[in-house]
Every structure is written in C-alpha cells, then in structure tokens.
Amino acid sequence: MSQKNEPGRKGYSIRIFLAEGSPSGLKFVEKSNWVGLGVVCPRARFSEAKKRKEFDQAGVYLLLGASEASNLPTVYIGEADPIRPRLEKHHAQTDFWTTAFFFISKDSNLNKAHVEHLEHRLLVLAKEANRCELGNSNAGGRPSLSEADQADIETFFDEMLLCFPVLGVSIFEKPEERPLDRILLVFTRRGLVAHGYESDGFVVVKGSQASKIVVGSMQAFAQALRSDLLKKGVLVDAGTSLEFTSDYEFNSPSTAAYVVAGASVNGRDYWRTDGGKSLKQLQEEESK
C-alpha cells in the first residue's frame, strides 16, 4: 500500500552537500530553518577531514558499523567539546565503526551541558528502539539545564532526529501508534497468529506469536535477526510459541514474515486482511 502523509506532519527540506564531490566522501547536512549542522565522515576520510573547523565545536556524535556477532548495526553514542580529540581517540582505539555522524550548531551555541543532554536523549531512545547493538549502554544522567535551555535543546533534538532517516540511520525509530488509515493484517501458519501493518517498513504488533522452530533453509540474516530479538527480549518464550513483547518495525513485510514463521515465506502473500485479501492484492488495487 502506498504511504500517505500522516495528519499534522508538514513537509521540510534537507540539503546534503558533498564537500569532496563524491557520495562516499565527507557530507554536510542542513535542514530548512534550523541552526544545526550535521557532518557525515567516513572513517577512511577522517585523517584529512578532521582539519576542518566543524571538528572544533561541541557536538553529539555516533559511530556506526557492522557487528560480527549480530545482524543489527553496532553504534557508539557520545558527546565532546570539541569533537576532534574524541574522534581522534576513537579512530585510534575503536575498531568496529566505518562512519561517524555528528551534529553541531552553525552559530556555535552548543555548550557542554547541551551536548550531554543530547547524548543522554539519543542513548535512551536507541535503547528503547532496540534496533542496534550499543557500544555504550550507560545513558548517564541528564544534566541540569534551565527551563529555557531545556526547551531550546529539545527543539534542536527534535530537528536532529528528522535528519537521521534521510542519512540511512534508523536506529532511533520506534513504531508509532497505528494510524487509523493503516489496515491491521493477520499472519496465520501452523497454528501461529500474528498481527501487523505497513509503515515505512512493516510493524508486527505486541502479543503476536512467532514459531519456536527455525527451518534450516531460512535465510541467514533472518535467523540472526531472530536471535538478536530473543537476546533483547523483543521475543520471549511463551510455551508453544514465541511472543512479541512490544511492537517491532521490520524493514519489509517478508522480513517480518520470516521472523514470525521461522521460515522463508513471502510476506506479501502471507499478511492478509480478516477477509482473506493478501497484502499483494491490496498493493495491486492501490496501484491501479
């Protein structure tokens, strides 16, 4: 089904500047009517990029990379004033990351307390979303800010969150309450019952069942993802089946179906309305 604009949401512009003329090089991210500036720095470009003035400011950062032990990305979230020395230390001592993302203020208006607040908020959100392996699990304490400063930095935080998905970073995204225009679909197979709905990906809702048995031919990434969700407590043993303890958003209907079924099945065929119409049929009807 096509994605509709959510009620109350407004369009906005994000400008991504390729500072080195290459999609794989240093990038700067700006949002319309916002004082923040995002910097995306591939690890391979760090030694040269760190000479730039943007690395001299206070900011909040995250290091992103793959994990050998998990299907989920590994992330380290931190803050520094200034950014450069901290990232130099990570460049020398931390192995997993391939890309650094950090946000500063174009008017140099962020101080140590501000970036500590941003770090704390990102860590809490990442833990709640359960979509990554955190390199640092301690969210620390939220710094004391005046009411005015807290209002300003929360606005900065909200604007920053809008930039991450555009950059391909989805670790902070939690499923929202199901919009009224989204149809709740059901998955049934060998006694299992699960419910879900289309989002930017596909959300399986709390209380849905998943198979305890995994077919050996199921794709390796889906087996790894099931293991990750069990470790994180998103899936728990419920006797004859596993059960989702919270809503969880997958990248696609088929990935959701793999995890539920413990087998490679086509999600567009298996997710159906109460009347038996498949997701594939719904999508085909909408495209006419």
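Modeller: Happy to! First, a word on what a patch is: its residues each have over 30% relative accessible area and no salt bridge, and nonpolar side chains are joined within 5 Å. Please keep in mind that this is a predicted model. With that in hand, look at Y12, I16, L18, L162 and V166, which form a nonpolar patch on the surface. Together they have about 380 Å² of accessible area. One of them, I16, sits in strand β1, which covers residues 14–18. The relative accessible area of I16 is 36%, so I16 is partly exposed.

For a contrast, turn to V60 in strand β4, residues 59–65. V60 is buried because its relative accessible area is 2%, and buried means under 20%. What is V60 in contact with, leaving aside its neighbours within four places in sequence? The contacts are G78, E79, I83, F101, F102, F103, V115, L118, E119, L122 and M160. Take F103 from that list: F103 and V60 are 43 residues apart in sequence, yet their C-alpha atoms are 5.6 Å apart in space.

Finally, have a look at helix α6, made of residues 253–261. This helix is mostly covered, with nine of its nine residues buried. They are P253, S254, T255, A256, A257, Y258, V259, V260 and A261. After α6 comes G262, which has a positive phi, near 70 degrees.

How values were computed. Residues numbered from 1 in each chain as written. Predicted model: local features only at pLDDT ≥ 70, side-chain atom pairs only at ≥ 80, totals over all residues. Heavy atoms only, no water. Patch = residues over 30% accessible without salt bridge, like charges linked within 9 Å, V, L, I, M, F, W, Y side chains within 5 Å. Areas by Shrake-Rupley, 256 points an atom, 1.4 Å probe, with all protein chains shown as cover. Salt bridge = Lys/Arg side-chain N within 4 Å of Asp/Glu carboxyl O. Helix = DSSP H or I, 4+ residues; strand = E, 2+ residues; numbered from the N terminus. Buried < 20%, exposed > 50% of the residue type's maximum accessible area, 1.4 Å probe, protein only. Contact = heavy atoms within 4.5 Å.
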